[in-house]
Amino acid sequence: MTRDILNAINVSLDGYSVLISLIIIMSIFSLKKVEASAKWFAYTNIAAIVYGLSDLVMWISEGTDAVWKLIVLPVSSFLFYFSGIFIFLFYIRYVIEYYNSYKPLSKRWWYFCVAMVSIYNIFTIITPFTDFFYTITPDNVYQRGKFFPVSVGMELILYFETLLLVLKHHKKLSNTENIGFASFIFCPFIAQIIQIANYGIALNSLGLTVSFFIIYINMNLRLKTKLNKTEKQLNLQDTKKTEILNNTIINLATLIENYELGSNHTKRITQ
């Protein structure tokens, strides 16, 4: 498979991933009331869009045949790493907020994630000057840097944190919800391992898309369940109100009837 064909496939996969994330974001924010966890999932998809677009642009901006490529490739490479780690930050916050709706979690989960993301982005910021995570060759071609494994290792730590969160609190949720959370751990992780082993093919965005799609389906199922529960509660309240109203009317009618009978009896006696 030639490099041009491979690049075309990668661009198509990134474009598809961006489109799915955009649809999810629009769907979430179209709701009248958006839960805190759903907002963080939307932010996760926003980060995924920047990540996917950066990857897409990287594939088409290598080479020295155009001046704009000399500027765009370094910028898109930086955004690729910078936005990619925010996917973890926002997703872990989404998981925390989701569990918090049942029982508040320790803030240590969040603080640890923020610390890891901060350290990662410090390395990302110094990379253009040190080739830490990646390097741009004189021919304007992206290559993995001398400490690229460090970026993978830090991402693995955040995957592991997500896994620990799910394992520790999985009993609070249904199996369907837990599968949704687990999909973020396994789908992108497996895609990333394949991508690392086969340099030149972009599967990470596709792995994220599969995960986000599964989670989005679970969100809709949860929302539908909540709506059905609310509808049943409202119907129950309406039934109770109707019963109270009927009892009140019957009691009033009885009182009026008793009053009329008492009045007639009094008239007979007085006559």
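The following legends describe close-up views of a predicted model.

**View 1. Packing of helix α3 against helix α4.** Helix α3 spans residues 67–100 and helix α4 spans residues 108–130. The two helices pack at an angle of about 175°, and their axes lie 9 Å apart. Because angles over 145 degrees count as roughly antiparallel, α3 is described as roughly antiparallel to α4. On the α3 side, the contact is made by F78, Y81, F82, I85, F86, F88, L89, I92, R93 and I96. On the α4 side, W109, W110, C113, V114, V117, Y120, N121, T124, I125 and P128 take part. Sorted by class, the residues of this contact are 17 nonpolar, two polar and one charged.

**View 2. The largest nonpolar core.** This core comprises 53 residues, of which F41, Y94, F181 and F184 touch the most other members. At least two core residues come from each of α1 (3–29), α2 (36–60), α3, α4, α5 (148–169), α6 (175–197) and α7 (204–270). Helix α3 gives the most, with 15 residues.

**View 3. Surroundings of F41.** F41 is among the core residues that touch the most other members. Apart from neighbours within four places in sequence, F41 is in contact with I24, I28, Y94, F212, I215, Y216 and M219. Two of these partners, Y94 and F212, also belong with F41 to one aromatic cluster.

**View 4. The aromatic cluster containing F41.** One cluster is formed by F41, F88, Y91, Y94, Y98, Y99, Y102, Y159, F181, F184 and F212. Among its members, F41, Y94, F181 and F184 are also the residues that touch the most other members of the largest nonpolar core. F88, a further member of the cluster, is one of the α3 residues in the contact with α4.

**View 5. Two edge-to-face aromatic pairs.** The whole structure holds 29 aromatic pairs. In one of them, W40 and Y43 are arranged edge-to-face, at 5.4 Å centre to centre and with 85° between the planes. W40 and Y43 are separated by about one helical turn, because they are three residues apart in helix α2. Y43 has a relative accessible area of 31% and is therefore partly exposed. F80 and Y81 form another edge-to-face pair, at 5.4 Å centre to centre with 85° between the planes. F80 has a relative accessible area of 11% and so counts as buried. Y81 is likewise buried, at 4% relative accessibility, and Y81 also takes part in the contact of α3 with α4.

Key. Residues numbered from 1 in each chain as written. Predicted model: local features only at pLDDT ≥ 70, side-chain atom pairs only at ≥ 80, totals over all residues. Heavy atoms only, no water. Axes fitted to C-alpha atoms, helices over the stretch in contact; angles between N-to-C directions. Helix = DSSP H or I, 4+ residues; strand = E, 2+ residues; numbered from the N terminus. Parallel < 35°, antiparallel > 145°, perpendicular 65-115°, else oblique. Contact = heavy atoms within 4.5 Å. Nonpolar A, V, L, I, M, F, W, Y, C, P; charged D, E, K, R; others polar. Core = buried A, V, L, I, M, F, W, Y, C linked by side-chain atoms within 4.5 Å. Buried < 20%, exposed > 50% of the residue type's maximum accessible area, 1.4 Å probe, protein only. Phe/Tyr/Trp six-rings, centres within 6.5 Å; stacked < 30°, edge-to-face > 60°.
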